[in-house]
Amino acid sequence: MNSLRPTHPKEVQEAVRSHPRLLPRGGGSKPALSSPKEGQVALELTGLSGVLEYNPGEYVVVARAGTALAELEALLRAHGQYLPFDPPFVGQGATLGGTVAAGLSGPMRNRYGGVRDFILGVEFVDGLGNLVRGGGKVVKNAAGFDLPKLMVGSLGRLGVLTELAFKVFPYPKATATLKVAFPNLGEALEALYRLAASPIELYALDLVPPNSLVLRLGGLPEALPARLERLEGFLGRRGERLQEEAEKAYWEGVRDLRDFGEGYLVKVALTPRHIPALEARLGAAPRRYMSAGHLLYLAWSGPVEALDEALRAEGLPGLILRGVVANPRIGLNSEGTFGLKVTAALDPEGRFERYAAPN
Amino acid sequence: MQHRIDPEKVGPQGEVMAHAIEACVHCGFCLPACPTYQVLGEEMDSPRGRIFLMKEVLEGSLSLEEAQPYIDKCLGCLGCVTACPSGVPYGELITSFRAYSEPKRRRPLFQKAFRMGLQETLPYPARFRAAARLGRLARPLKPLLPSFLRAPLELLPAELPPPEPLPERVAAEGERRARVAFLAGCAQQVLQPGFNRAALRVLARNGVEVVIPKGQVCCGALALHTGERERALRLARQNLRAFSGDYDAILTNAAGCGSGLKEYPLLFRGEAEEEEARALAQRVKDIAVFLVELGLREVPPLKEPLRVAYHDACHLAHAQGVRAEPRALLRSIPGVELVEIPEGELCCGSAGTYNLEQPQIAATLGERKARNILATGAQVVVTGNIGCHTQIQNHLRKLGQNLPVLHTVELLDKAYAGQL
Amino acid sequence: MTPALRELEILFPKGLLHRPGELAPYESDALTAFRARPLAVVLPESHEEVVAAVRWCQKHRIPYVARGSGTSLSGGSLPVEGGIVIALNRMNRLLRLDPKERTAVVQPGFINLQVSLAAAPYGLYYAPDPSSQPVSTIGGNLAFNSGGAHCLKYGMTSNHVLGAKVVLPDGETASLGSESLEGVGPDWLGLFVGSEGLLGIATEVTLRLLPKPEAYHTVLAAYDTLEKAGEAVAAVVASGILPGAMEIMDSLAIEAAEAAVGAGYPREARALLIVELEGEAPEVEAEAHHLEQVIRSSGAYEVRVAQSEAERMKIWKGRKAAFSAVGRLSPDYIVQDGVVPRSKLGQALAEIERLSERYGLRVANVFHAGDGNLHPLILYNGRVPGELERAEELAGEILRLCVALGGSITGEHGVGMEKRAYMPEMFSPTDLEAMRRIRQALDPLELSNRGKMFPGGEPRPPSGPHPLERAGVIVRE
Ligand SMILES: Cc1cc2nc3c(=O)[nH]c(=O)nc-3n(C[C@H](O)[C@H](O)[C@H](O)COP(=O)(O)OP(=O)(O)OC[C@H]3O[C@@H](n4cnc5c(N)ncnc54)[C@H](O)[C@@H]3O)c2cc1C
Ligand SMILES: Cc1cc2nc3c(=O)[nH]c(=O)nc-3n(C[C@H](O)[C@H](O)[C@H](O)COP(=O)(O)OP(=O)(O)OC[C@H]3O[C@@H](n4cnc5c(N)ncnc54)[C@H](O)[C@@H]3O)c2cc1C
Ligand code: SF4
Ligand code: SF4
């Protein structure tokens with residue numbers, strides 16, 4: 001048997017205790033991360049699903065880790081709320097746990113922050129099979145170590161997530177989008193810097209190579225027209241406006257990275273300063289810089305070594321989400337003893353995949 | 001903060017000190033306001049630390065010698081009082097503590113003599129003048145002297161202005177709007193007689209009759225703040241007599257003297273004259289406050305615009321809460337552009353005899369103040385206190401800058417006279 | 001001087017304090033109920049000197065605690081009896097400010113408010129604004145994941161720290177985080193922030209700066225009961241408006257703040273609600289209309305809107321001075337810091353009032369209503385025998401109440417010394433065990449801030465058992 005499907009945290013504990021090597025899997029929307037290797041037992045977590053607590057007045061939602069994002073979003077949407085970090089792959093069936101473990105946020109993270117900024121509480125099974133809780137279920141909590149944040153990006157390496165609590169926000173009553181093309185990358189980047197340092201509040205600030213910005217405004221419908229005007233005034237140029245259903249559909253496509261085609265799907269963490277050099281290296285790979293140049297998603301069809309090389313040259317870390325590779329972590333990996341020691345504390349017997357070959 | 005002080009055992013000011021310590025909640029809001037903490041970055045040299053040390057000494061769990069160096073470094077600038085949300089009367093605490101501790105402490109002989117010398121000269125214009133002259137003669141010997149004697153030499157001006165005895169009365173010009181008594185200040189008379197001249201002219205111009213009561217002496221602040229309570233009482237008693245007449249107000253143009261007079265109720269606590277002292281303190285006003293309340297007669301516009309930086313003297317801003325009035329006076333001179341000095345709430349390091357007793361910290365603060373002033377691009381610095389005046393002037397000079405430093409009333413006086 | 005101390009003196013020729021008069025002022029942080037005399041205080045001026053101090057402690061197996069401005073309200077920077085205090089106040093420089101990338105790199109002793117002042121010329125600011133902002137250091141803020149009135153929208157310190165250079169308990173240096181808002185791999189920095197000085201000492205911190213909001217709209221609403229103010233908060237939330245801050249003060253807090261800074265609050269009010277909108281001018285203007293309707297139907301008997309930046313600052317000045325200002329109403333007080341789900345605010349406040357009556361102690365309430373973060377201030381007089389004990393008992397009941405309502409024992413002041421006994425109320429032994437394993441993996445001897453956060457263990461207050469202990473609230477193993 002190389003696949004288990006627990007439906008209760010207790011069963012996860014048993015599974016961990018009785019198998020020396022495990023790989024948790026939400027459902028596989030990031031197959032590079034969730035395909036078990038030789039000797040690993042896959043732990044399917046979609047059976048551990050369902051919203052446990054949700055009171056819209058609290059801005060807090062608690063759900064099992066295997067809950068599909070789509071299910072959770074539908075519930076929140078019904079109460080005019082959303083996950084402000086805008087997780088990707090909702091349409092592909094991604095789960096809450098997989099999203100946290102992979103540390104993924106989408107374009108709208110620009111407004112209020114990423115998954116690390118909205119996770120409040122966590123319950124997980126550590127490498128000893130203990131069920132551990134960290135954080136809480138209120139929007140503010142400073143008791144104990146911040147284990148919820150630690151789990152963001154942990155790729156199942158520190159434990160199997162069984163339950164998660166998030167802060168949620170009211171969804172903007174109206175949204176509108178402006179696509180603006182610039183004569184060249186330099187000018188687009190300059191505009192990105194100016195916007196990011198301005199008091200103009202954008203739900204999304206994406207740079208789409210070669211030279212466009214896509215900007216999303218949100219808020220009260222009565223203020224939107226004036227704000228779009230101001231935005232164009234600020235940029236000193238007009239753009240293509242998207243509104244209503246077309247606008248919503250556009251962004252759903254963007255956040256699920258639907259137009260990226262084949263190839264390795266990769267996340268890169270960066271700052272806008274790195275964009276010019278990266279642009280010179282990435283060729284024709286489909287890509288998009290989100291959140292004012294702090295988050296890059298790209299599809300890479302060439303050899304993974306070439307991309308790894310390119311990222312190292314720029315001193316940037318990357319994560320392969322799709323495509324079969326030995327180690328999905330590419331580019332810079334500056335993890336030192338701090339990480340190794342914390343990992344050893346939570347998984348002393350090495351049950352979980354570590355992917356951590358610092359370079 | 002909780003304490004185990006037995007006020008009975010501590011003496012007449014025990015209650016005052018216990019109350020101040022009780023009011024301190026150890027929150028640290030005063031730290032950034034404290035010049036010594038800014039310079040030294042150590043808790044003992046912060047208001048919160050000093051309060052704690054005083055508490056420990058008064059409780060008997062720490063020896064006075066252990067605490068003394070840090071208490072001594074306190075400038076008494078009261079920046080902490082302004083910053084404290086809990087209303088800790090730090091000024092009353094430190095003054096009382098110094099009075100409490102001075103008789104108990106052992107000072108080296110030369111220090112005793114030096115302090116005694118200060119107490120015996122500074123408050124007496126004639127003696128001060130003589131000493132200053134001697135000091136100038138001693139200048140060539142400076143490198144040979146111990147540091148505590150070197151500092152005062154550096155502060156002496158190269159030239160002492162000739163003595164100018166003040167009249168006993170100055171009549172109001174035009175319609176008389178008020179009649180006031182004027183405290184002439186001691187060191188100020190010797191070092192900057194121009195301050196008083198300017199004050200008298202400005203008051204007269206504004207219809208104020210000024211009496212300079214005979215028999216007035218040093219306010220006693222110097223003695224009080226260095227723990228010489230008996231000496232302070234002696235001086236204060238003379239002043240109670242000298243200023244007992246019926247005046248609309250008792251004015252000073254020296255911030256330190258003003259706050260000194262306002263401390264009389266604390267000084268006389270438990271003495272027969274307590275009531276009298278309170279009555280006097282209530283009538284004391286800084287000249288800027290008085291002029292603003294009175295309403296200035298029109299000031300002619302300056303010939304050219306002037307960028308003026310106003311420096312808050314601690315004893316005006318922190319001790320008396322006087323910040324707005326001097327600025328209002330300056331703004332009422334057409335052509336003055338008033339600029340604020342960065343870190344304006346931080347003491348310049350002058351603080352009475354502080355730059356004589358703690359020359360290093362005083363110099364660091366003086367230079368910091370001078371640099372902050374220069375950063376404003378002002379053409380003139382104005383302040384309401386003789387100590388700040390001397391300190392700022394010295395440190396500007398050290399940086400090679402000859403920016404004029406004036407008293408608030410001097411600028412006003414020059415403006416009235418059409419000299420600017 | 002022992003040989004070990006002499007060694008330390010050689011390492012810190014200008015930055016070692018060890019005389020009784022030097023040590024006494026370091027005995028407490030802002031929670032003076034606890035005191036402990038350290039062996040010495042060192043004042044490092046560089047990363048290397050921090051490393052040297054930590055290595056010395058490691059070598060001699062002497063526990064240590066990092067200290068910023070000592071404004072912790074939970075005994076976080078309380079020294080370990082006989083240990084070393086590593087005071088970071090001389091490492092107080094701004095190392096870099098990059099307006100384009102919107103980052104600032106500071107030393108740990110840099111003061112929170114100074115970050116915003118330095119960033120102001122570029123239209124930027126540093127968002128987390130604890131009331132202790134003019135005093136508290138970035139290092140302390142980071143260790144306690146400090147929050148403030150404006151954390152509802154943009155989060156706490158943790159959401160604004162991008163990277164940190166830290167000295168681990170073994171003396172090694174680690175670099176956590178980066179300059180990017182995103183990361184790959186576990187969020188090590190996220191774990192470090194809020195670890196209360198147990199996992200190491202930050203010596204360099206990279207902060208994220210935000211553009212200053214274009215417009216503010218600050219509303220002060222007065223109510224004749226606390227409940228109504230609490231309900232108003234719920235109504236604002238329900239309306240879908242997301243204010244930058246929502247704060248409530250009760251009548252005692254109003255009285256104290258008025259006495260301290262004369263903020264011009266309506267003195268007779270039983271409760272004041274401050275709601276602040278911030279953002280783009282047209283948006284704020286539109287939201288203000290909605291807010292007005294919500295507030296109007298919330299039963300406020302007086303509503304004021306700040307008409308200028310000066311008026312706005314005045315409103316906030318009163319709020320921010322409120323804690324310390326309570327010192328004017330009472331010789332002693334305990335600041336509590338608990339969180340309840342927002343919908344249980346009314347219930348919690350009513351219960352606190354009941355407890356206050358039962359214990360015969362006044363309780364002032366100032367709190368981050370938008371976050372459900374309560375700050376009951378329990379007023380007592382330490383000179384009255386038994387009052388401190390009763391106050392601490394009351395404080396304990398309030399914490400248990402918060403946990404029972406589904407909240408937390410601390411929203412922002414941390415566990416420190418004060419609340420370690422309450423950790424088991426929130427976390428199971430397994431949870432605590434996992435946290436302790438992390439700690440021990442990095443610090444097997446538990447030298448770094450020994451005795452804090454985890455229940456049990458040293459240090460003890462020097463004057464015998466802690467009052468909570470005497471009262472039977474805390475039990476030590
Ligand atoms: C192009 C594409 C086509 C697909 N087609 C199909 C299809 O036809 N049918 C189908 O059933 N599915 C399909 N999938 C997969 C499906 O979308 C997954 O069900 C879903 O994406 C769940 O994955 P996840 O996002 O939760 O993260 P995963 O990819 O499962 O996991 C990401 C990382 O998180 C870790 N992780 C996940 N959960 C936890 C946890 N609870 N605790 C700790 N670590 C955890 C994993 O170990 C892994 O490292 C497809 C996916 C893609 C991208
Ligand atoms: C009047 C008042 C109001 C307050 N208001 C608020 C508020 O609104 N919100 C809030 O969150 N808090 C508030 N506090 C609490 C306190 O100000 C914060 O906890 C603050 O972050 C402490 O900073 P500090 O520099 O004083 O740190 P300290 O008290 O000196 O230290 C706090 C903790 O941080 C550790 N530490 C310090 N520096 C470092 C470092 N470089 N690396 C690792 N660990 C370190 C210490 O060991 C200790 O555990 C308030 C306190 C007071 C007195
Ligand atoms: S600000 Fe006031 S209460 Fe706070 S520590 Fe300083 S003196 Fe004490
Ligand atoms: S009076 Fe001045 S020097 Fe003395 S403690 Fe207060 S702020 Fe510091």
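This is a predicted model: local features need pLDDT of at least 70, side-chain atom pairs count only at pLDDT 80 or more; totals for chains, interfaces and linings use all residues.
Residues are numbered from 1 along each chain as its sequence is written, chains are lettered from A and ligands numbered from 1 in the order in which they are written, and side-chain values use heavy atoms, with hydrogens and water left out.

In total, 38 residues surround ligand 2, and C:Ala66, C:Gly68, C:Thr71, C:Ser132 and C:Thr137 are the closest (a residue counts as near if one of its heavy atoms lies within 4 Å of the molecule). The site is shared between chains, because the residues around ligand 2 come from chains B and C.

Now for the polar contacts (pairs of N or O atoms within 3.5 Å). The side chain of C:Asn141 puts an N or O atom 2.7 Å from an oxygen atom of ligand 2. Nitrogen atoms of the ligand take part too: one is 2.9 Å from a backbone N or O atom of C:Gly147, and one is 3.0 Å from a polar side-chain atom of C:Glu412. The protein buries 99% of the 980 Å² that ligand 2 exposes when taken alone (accessible areas come from the Shrake-Rupley method with a 1.4 Å probe). In chain C, β3 (64-67), α5 (138-144), β10 (201-208) and α11 (309-325) each give two or more residues to this shell, and α5(C) gives the most, with five (helices, H or I, have at least four residues and strands, E, at least two, as DSSP runs numbered from the N terminus).

A cavity is a set of points, on a 1 Å grid over the protein atoms alone, where a 1.4 Å probe fits but cannot get out, and lining residues have an atom within 4 Å of a point; a volume is the space filled by probe spheres set on the points, which are joined across faces, edges and corners. The largest cavity has about 450 Å³ of space. Its lining of 30 residues includes A:Asn110, A:Arg111, C:Arg102, C:Leu210 and C:Pro211, which lie nearest the centre. The largest share of that lining, four residues, comes from α5(A).

Note on methods: On a 1 Å grid over the protein atoms alone, a cavity is a set of points where a 1.4 Å probe fits but cannot get out, and a pocket is an open set with protein on both sides within 12 Å along at least five of seven lines; lining residues have an atom within 4 Å of a point. A polar contact is a pair of N or O atoms within 3.5 Å; within protein, one must be able to donate a hydrogen and the other to accept it, and residues adjacent in sequence count only if both atoms are side-chain atoms.
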